[in-house]
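Subject: Structure for you to look at

Hello,

Here is the structure I said I would pass on.

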Amino acid sequence: MSDKLALDVQNLSVSFPMRGRGADGRRRALLAVDNVNFLIARGKTLGIVGESGSGKTTAAMAVARLVPKLAGNITIDGIDFGTLDNEALRQARQRIQIIFQDPYSSLNPRLRAGEIVREPLVYAGETSRAEQDRIIDELFEAVGLRPEQKALFPHQFSGGQRQRIGIARALSTRPSLIICDEPVSALDVAVQAQILNLLKSLQGQFGLTYLFISHDLGVVQHMCDDIAVMYMGQFMEYADRKSFFAAPRHPYSQALLDAVPTIDIGAQPTGGKLVDGEIPDLTLPQTGCRFASRCPHARDVCNGGVPQLQDWPGSTGHRLACHLTGTFATS
Amino acid sequence: MKPAADSAPRRGAEIVDKAQHPLREMVVMFLANRAAMVASIVLSIVVLAAIFGPMLHPVDPFEMVWAPFTPPGQEGFVLGTDYLGRDMLAALLNGGRVSLTIGLVAALMSVFIGISFGALAGFYRGLVEEVLMRITEFFQVLPTLLFSMVIVALFGASLEVVTIAIGVVSWTAVARITRAEFLRIRELEYVTASRAAGASNVTLMTRVILPNALPPIIVQAALMVGSAILFEAGLAFLGLSDPNVVSWGQIIGSNRPYILDAGFTVTIPGLAIFVTVLSISLIGDGLNDALNPKLRAR
Amino acid sequence: MTNSPSTAPLLDVRNLSVQFTTRGGTVTVLDDISFTLERGERISFVGESGCGKSMTALALMGLLPAMGRVSGGQVLFKGEDLTTASPARLRRLRGNEISMIFQEPMTSLNPVFTIGQQISEVLRLHRGVDNAEARDRSVELLQAVRIPDAAARVDDYPHQLSGGQRQRVMIAIALACEPEILIADEPTTALDVTVQAEIFALLRDLGAKLDTAIILITHDMGAVAQMSERMLVMYAGRRVEEGQVANVIKAPAHPYTRGLIACVPHITSDVDALVDTLPEIDGIVPPITRFGRDECLFAPRCAKAADECWSAKPQQSDIAGHSSHSVSCWHPFGTEGSR
């Protein structure tokens with residue numbers, strides 16, 4: 001069972017210290033990620049969707065140990081990645097690699113493309129120079145770049161090609177998990193499809209496991225096996241792809257899906273459906289549902305206690321955090 | 001349907017192919033800057049004169065060779081003689097060596113101290129940054145001339161002490177620039193990528209961030225060579241430089257009382273300082289244009 | 001329909017060409033663009049970045065960058081040719097009869113003035129109203145763009161507003177003088193999807209209320225479908241297809257249009273019907289130096305490309321049976337969904 005799991009994250013929380021002290025005299029801290037749990041089986045993709053400020057990127061960066069976590073267990077390949085320190089952590093880093101959003105700032109402008117892909121191998125320190133060369137050649141071919149392009153500098157590539165270099169770099173150490181942080185949102189529409197197809201074909205070819213961060217539900221639907229909807233640091237809904245898109249259950253998920261403009265001429269988006277309420281202050285302790293202030297179905301019960309992720313009645317694995325589970329009229 | 005990996009651009013979609021090092025672009029940019037090119041030529045002449053001049057014109061600058069205040073061009077003295085009847089040409093050539101050396105060494109020292117402070121402060125942030133930047137600010141608010149005079153007065157007016165005194169008072173600008181660059185670059189995703197790939201902190205600082213932070217530091221260092229030369233001239237003018245070596249500032253300082261009788265003894269070394277420092281700052285400007293990516297974009 | 005020949009359209013762009021003079025020579029960034037816009041009509045310009053969508057908008061406003069100039073054609077706004085209008089005349093038009101909102105609401109507002117001052121500024125400039133009246137009008141406008149508690153928020157500075165609210169303020173400024181044309185250049189790219197839906201609804205409602213024509217610049221076919229009646233697909237500085245949105249999306253004739261629609265994963269409730277591999281458009285937009293050549297500039301990326309595509313620029317032709325649906329392609333797709 002556990003050897004099929006690539007990633008197991010339990011009770012992950014991340015907080016950022018703020019200036020000043022709160023009313024209770026304690027140092028103020030912003031709880032960016034609040035007690036989230038998720039699993040990814042080997043070779044599968046989990047998508048975390050959310051709007052800006054939802055904490056989806058912070059959660060992913062905490063999994064990669066690039067921002068410090070407040071609490072939680074991170075297990076990769078059965079290794080307790082969350083507690084490693086110093087040299088052990090540095091060594092273990094090759095198990096997680098990241099594909100970044102911005103193809104311009106994510107490549108070191110002073111390194112040639114081949115050297116950029118070599119970098120993780122050098123830090124991992126387990127391969128000979130000749131072996132590295134062989135891996136680099138193989139990866140350049142896999143991501144659709146020509147071998148002679150190894151000698152070029154990043155500024156000589158287009159955005160899509162730069163993203164291919166970033167993907168080759170992420171693959172170089174054969175990581176157990178690849179975090180894709182909005183990997184196509186900075187690219188032109190036509191190039192997005194090229195990169196999404198590449199990511200999918202590489203997943204098939206190398207059996208990759210993705211943690212896919214995106215704000216674009218269409219992309220997430222195309223790429224992911226499971227979907228977690230995040231709002232204000234918490235998961236609102238967590239389900240497999242089929243179940244989620246067939247019937248999104250959480251009012252926030254429904255609002256997100258409704259807001260996406262479709263090419264069906266008749267279907268006007270139901271914009272303005274959300275209540276224009278106060279955004280909760282994440283430096284204060286939580287008293288009710290974080291989404292209640294914007295939820296069109298909110299009632300008194302929503303402000304009493306924190307809703308927990310629970311199975312939707314009659315299903316296994318389609319979970320949502322809502323006090324009103326099923327008691328509001330779905331559109 | 002074919003996998004995406006095959007979708008390399010077809011006919012005509014790809015043009016750039018030659019490996020162009022970012023540096024090459026900068027060199028081209030610099031060569032196109034006429035003022036900087038002229039300044040480079042002038043500075044090369046000054047440097048060559050300082051290196052080879054004393055060999056081609058082997059006259060001891062401290063030896064009295066003729067009557068004082070011989071005007072330039074007379075009695076075979078190209079630049080005349082000073083108030084003690086010493087050969088001005090020999091003084092200028094030997095003085096150039098000293099002035100340029102002090103300028104270069106002091107600037108290198110500033111760069112070394114400045115980068116160390118700035119890099120550590122910008123990379124580690126927090127307490128390290130607080131402490132290092134407070135120290136930097138302390139040096140910044142010291143009255144520089146007074147402080148270096150104190151150092152020279154305490155440790156004696158030797159060439160080494162003068163150089164160190166200049167270096168110690170002028171590194172703060174480099175520290176601030178380095179810190180600002182580190183703060184900016186450490187947030188870029190390629191640094192995160194290197195960290196995620198397992199780079200150690202030392203590698204991140206020296207191999208990843210520093211090379212990308214260098215352009216503005218190089219410009220500042222170039223300008224600092226000029227200001228160090230001026231600073232030394234100021235100290236020497238006040239009689240606070242090594243009396244056993246001749247420098248441009250010292251020539252001006254020692255001939256100062258006779259400025260109305262024999263102006264050339266002051267104006268000639270003055271002109272040498274002016275031309276050298278101007279060339280250096282024009283080169284610095286040229287480097288700035290060539291290295292500054294924002295200007296390079298358009 | 002306002003297609004009667006007696007009344008001139010609000011905006012009539014005829015064969016507009018724009019050239020850039022660069023160190024490498026002269027390049028044609030806009031090549032023979034023509035379209036018309038009726039009062040209150042909504043049109044979208046669609047294409048990848050670098051295809052000339054924004055450049056067309058800037059040319060209409062007389063805001064081309066210094067190295068650019070109109071090298072041919074006319075921009076007739078209510079019969080007046082804006083390409084030959086004086087700078088003073090253009091300044092009177094801009095923000096008054098033609099206004100524009102941009103992609104980045106964070107940098108489009110001046111951080112040192114309150115939003116009320118910035119709205120009032122436009123009103124004073126073009127309408128000559130006094131301070132008290134400008135302030136009252138500003139509050140009304142903020143209410144119109146659905147900023148809650150407008151009377152109090154009018155004295156806020158831009159940093160006190162969220163991204164979506166800033167874009168609303170930009171819309172309030174753009175609509176302050178009730179312009180005849182509003183150009184919206186990717187107005188929601190920097191915003192969350194729920195905010196985008198609200199902004200689109202707002203633009204539609206206000207456009208209809210003020211009878212303002214809206215030109216939406218976007219790469220998102222969904223946005224086109226929700227926001228516009230007509231669309232103009234641009235590629236490498238040329239118009240490749242134009243028509244009613246419903247017709248074009250249902251039966252795109254140009255391979256580029258077809259590719260743009262197909263390459264985006266569209267949301268469906270039945271995920272079993274999804275394909276694993278998205279249809280791609282190979283390669284990238286050609287560099288600007290290749291623009292203007294006498295060939296189909298899309299040919300290098302086109303599966304249908306044949307010899308004639310490389311040897312001559314395709315002419316615009318109407319699609320039979322569909323009024324005002326035209327395409328510039330040597331091998332257009334048929335209208336009845338043929339492959």
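Which residues in α2(B) are buried? They are Ala36(B), Ala39(B), Leu43(B) and Ala50(B). A residue counts as buried if 20 or more other C-beta atoms, placed from the backbone, lie within 10 Å of its own. Helices here are DSSP runs (H or I, at least four residues), numbered from the N terminus.

This is a predicted model, where local features need pLDDT of at least 70, side-chain atom pairs count only at pLDDT 80 or more, and totals for chains, interfaces and linings use all residues. Residues are numbered from 1 along each chain as its sequence is written, while chains are lettered from A and ligands numbered from 1 in the order in which they are written.

Helix α2 of chain B covers residues 34-56.

On confidence: pLDDT is the predictor's confidence in each residue, from 0 to 100. Chain B has a mean of 82, and 90% of its residues reach 70 or more. Within chain B, helix α7 (residues 172-185) is highest at 94, and helix α12 (residues 293-297) is lowest at a mean of 46.

Regards

Note on methods
Helices (H or I, at least four residues) and strands (E, at least two) are DSSP runs, numbered from the N terminus. The expected span of a helix is 1.5 Å times one less than its number of residues. A residue is buried if 20 or more other C-beta atoms lie within 10 Å of its own, exposed if 12 or fewer, and partly exposed in between; C-beta atoms are placed from the backbone.
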